[in-house]
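Work through the exercises below with the model open. Try each task before you read its solution.

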Amino acid sequence: MKKLQVGITLIAAAVAAAFTLVGCGQSGSGSGTEVKIGHVGPLTGGIAHLGKDNENGARLAVEEANAAKIKIDGKEIKFVFVPEDDQADPKVGTTVAQKMVDAKVAGVVGHLNSGTSIPASPIYNQAGIPVISGSATNPKLTEQGFKTQFRVVGRDDQQGPAIASYLATNNKPKVVAVIDDATAYGEGIANEVEKTLKAAKINVLPREKGTDKTTDWKAILTKLRGRNPDAVFYGGMDATGGPLMKQGRELGIKAVFAFGDGACTDEMAKLAGEAAEGLLCSQAGLPPQAASKAFLDAYKKKFNSDPILYSPFTYDAANMLIQAMQKANSTDPKKYLPELAKLDFSGATGKIAFDSKGDRKDAEMTIFTMKGGKIEPIAIIKSGKTQSYADFLKSAK
Amino acid sequence: MDTFLQQLVNGLTAGSVYAVVALGYTMVYGIIQLINFAHGEVVMIGAMVAFTIINLLVPTGLPPFAIVLIGTGCAVPVCMLVGYSVERLAYRPLRHAPRLAPLITAIGVSIILQHLALMVWSRNVLAFPQIIKSQTYFIGGAGITTVQIAILAICLTLMAGLAILVYRTPLGTAMRATAQNAQVAGLMGIDVNRVIAITFVIGASLGAVAGVLFGTYYGIAQYTMGSVLGLKAFSAAVLGGIGNIPGAMLGGVLLGLVEALGAGYIGDFSDLCQWGVPLQACEGGGHFILMGSNYQDVFAFIVLILVLVIRPQGLLGERVGDRS
């Protein structure tokens with residue numbers, strides 16, 4: 001027994017010594033100040049690949065800022081990247097938001113989903129922490145009047161009308177079926193599509209709904225097949241949209257399938273196989289391939305893969321936080337928030353400035369189609385005008 | 001009419017997969033009165049193993065059916081091993097413990113298996129390689145694909161095979177005897193532990209095949225797929241009368257049909273405009289739908305509750321002398 005006590009004392013002493021050493025080490029090199037920048041997105045679940053892509057974008061920006069040895073208020077700043085997983089679940093989203101606030105982050109990039117961003121936004125607002133989403137497109141996010149909430153991506157009420165008007169003018173459907181996955185995002189974009197189609201005097205069938213975990217769409221699709229739609233729009237993510245399109249083709253539905261940005265990925269070709277050919281989909285903003293070459297090269301070098309979807313936007317979002325801090329010469333959210341709101345930024349996705357709600361001014365929308373297993377941009381829609389992608393690239397150069 | 005037929009085809013296909021999974025629940029319950037919540041995860045592991053093997057074999061250029069067969073051939077022994085280990089390590093030590101203890105263990109095992117799969121196969125939705133060119137045949141307006149025909153045929157064969165095993169072989173007699181009274185069966189010279197282990201292994205191998213079928217049918221597999229599928233199959237087993245083998249088959253097929261018909265018709269049925277309710281939304285051929293297709297699961301479970309309220313023992317009931 002005595003031996004054991006001696007042992008415990010020894011261990012305790014060793015631990016204490018180790019802590020002292022670490023403590024010394026920290027104060028020794030402590031000329032830099034640490035500033036935390038958070039990122040929140042789903043790292044588990046059906047859209048974890050998109051969450052990881054978003055995180056990579058923000059991480060790249062933070063690491064570049066560290067490499068540039070930025071000085072704010074005379075002190076060299078070491079940015080610490082704090083990634084968290086919200087599982088695309090609204091409940092977990094609010095918990096993680098509180099965790100971010102408790103960790104005293106200076107700013108947050110995220111969340112990925114509208115469904116998680118909206119309930120999290122009052123928590124950040126109360127703590128006065130600026131939060132910029134690179135991918136949440138539901139209009140409600142910035143309609144709540146929170147001064148701390150921004151987004152660098154377009155809104156569903158811009159994206160929905162874009163894909164719907166493209167569909168209406170290019171495919172001229174008479175009857176369109178609209179399906180959503182009963183999430184804030186899916187419902188939001190489906191509502192906007194329906195509104196635009198109805199305004200174009202197109203017959204829209206009563207809404208069908210699944211969930212963001214549905215794998216069997218056959219019952220719904222069979223019902224729709226009986227009504228002969230010329231086009232089917234699905235508001236939801238690729239993990240559910242892929243099986244939906246595959247099953248639709250298996251049932252012999254010949255309609256054009258159209259999707260929002262959540263299902264506008266190359267994953268669709270893997271999930272739906274050959275059935276995915278010819279689908280139409282929209283993304284708010286410009287395609288990842290149209291992001292600046294500097295970003296694309298840096299991303300490829302760092303992560304050894306190409307950006308999937310919104311990483312150029314989260315990259316810009318993180319850079320905007322850092323640039324606003326530099327402009328304000330302070331990392332205090334209270335001081336740099338006003339600078340962020342009026343920042344005139346030029347990044348991987350082009351020029352960004354916020355309007356009074358925190359939305360990106362004059363956001364572009366891109367229409368894609370699936371060709372040979374890859375999604376390819378075919379048109380750009382900006383301020384209500386449609387331009388083919390080839391023409392857009394020509395005019396941009 | 002073709003819509004109705006199509007819904008029947010959809011429901012039958014999904015239902016026969018539920019039925020095969022439900023057999024795993026009902027066999028184990030029949031023999032040791034344990035709800036093996038880890039069974040859904042065994043199904044998931046079956047799909048995952050097959051996914052890995054199929055992906056490895058696709059570049060070899062073997063014929064697609066051979067690849068799928070080899071994939072299944074690898075998934076079955078892996079799942080048998082998982083089923084056996086779970087029984088041996090997690091349930092057998094608790095066999096004489098109060099009934100709540102193994103139930104909680106079962107939930108624990110389910111979580112452990114799910115997270116092991118997460119570590120091995122990542123958290124992504126895995127896209128099953130679409131190697132079998134799915135041809136759709138139209139019969140009376142209802143389309144049925146080659147994969148669906150294969151699923152129906154395989155499930156029927158499995159169910160028939162199991163029925164023969166349980167009711168026509170010495171092993172089946174031993175299983176039924178153990179189910180009736182394990183103590184007396186032991187006194188009669190039956191190795192009860194062995195019979196219980198075999199029951200788990202058979203259930204797991206059925207689960208493995210169901211996992212592969214599910215994966216090839218929907219084209220996706222994910223580490224969480226076992227929980228929803230497991231819950232539905234378990235409900236199917238309860239619907240048919242848990243512990244009863246024909247009950248599980250009937251329950252599975254019925255649940256599939258109810259789901260398909262529910263999703264297909266509940267929207268039209270609950271459209272108030274169709275019933276002549278004077279609403280503003282109805283003007284000019286509008287609709288006012290009370291319960292849309294997002295209520296399909298709710299509808300399926302309402303049916304389940306109604307059946308259980310009227311017949312608490314399930315449709316076919318648990319015939320104590322006959323369970324295994």
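Two strands pair if DSSP finds at least two bridges between them. Helices (H or I, at least four residues) and strands (E, at least two) are DSSP runs, numbered from the N terminus. This is a predicted model, in which local features need pLDDT of at least 70, side-chain atom pairs count only at pLDDT 80 or more, and totals for chains, interfaces and linings use all residues. Residues are numbered from 1 along each chain as its sequence is written, and chains are lettered from A and ligands numbered from 1 in the order in which they are written.

**Exercise 1. Trace the strand pairing of S11(A) with S12(A).**

Step 1. Find S11 (residues 256-259) of chain A and S12 (residues 280-284) of chain A. Two bridges join these parallel strands.

Step 2. Locate a bridge. A:Ala258 has A:Leu280 in S12(A) as its partner.

Step 3. Follow the chain. It leaves S11(A), passes through helix H9 (residues 267-272) of chain A and reaches S12(A) in a right-handed β-α-β crossover. Right-handed here means that, with the strands pointing away from the viewer, the path from the first strand over the helix to the second runs clockwise.

**Exercise 2. Trace the pairing of S10(A) with S11(A).**

Step 1. S10 (residues 231-235) of chain A runs parallel to S11(A), with four bridges between them.

Step 2. A:Tyr234 lies opposite A:Phe259 in S11(A).

Step 3. The link from S10(A) to S11(A) goes through helix H8 (residues 238-250) of chain A, and this β-α-β crossover is right-handed.

**Exercise 3. Describe the side of chain B that touches chain A.**

Step 1. Count the residues. Chain B gives 30 and chain A gives 31. Contact means that C-beta atoms, placed from the backbone, lie within 7 Å.

Step 2. Assign elements. H1 (2-32), S3 (142-145) and H10 (245-269) of chain B each supply at least two residues of this side.

Step 3. Sort by class. This side of chain B has nine nonpolar, 19 polar and two charged residues. Ala, Val, Leu, Ile, Met, Phe, Trp, Tyr, Cys and Pro count as nonpolar, Asp, Glu, Lys and Arg as charged, and the others, Gly among them, as polar.

**Exercise 4. List the residues where H7(A) meets H10(B).**

Step 1. From H7(A), take A:Ala219, A:Ile220, A:Thr222 and A:Lys223.

Step 2. From H10(B), take B:Glu259, B:Ala260, B:Ala263 and B:Gly264.

Step 3. By class, the contact has four nonpolar, two polar and two charged residues.

How values were computed: Two residues are in contact if their C-beta atoms, placed from the backbone, lie within 7 Å.
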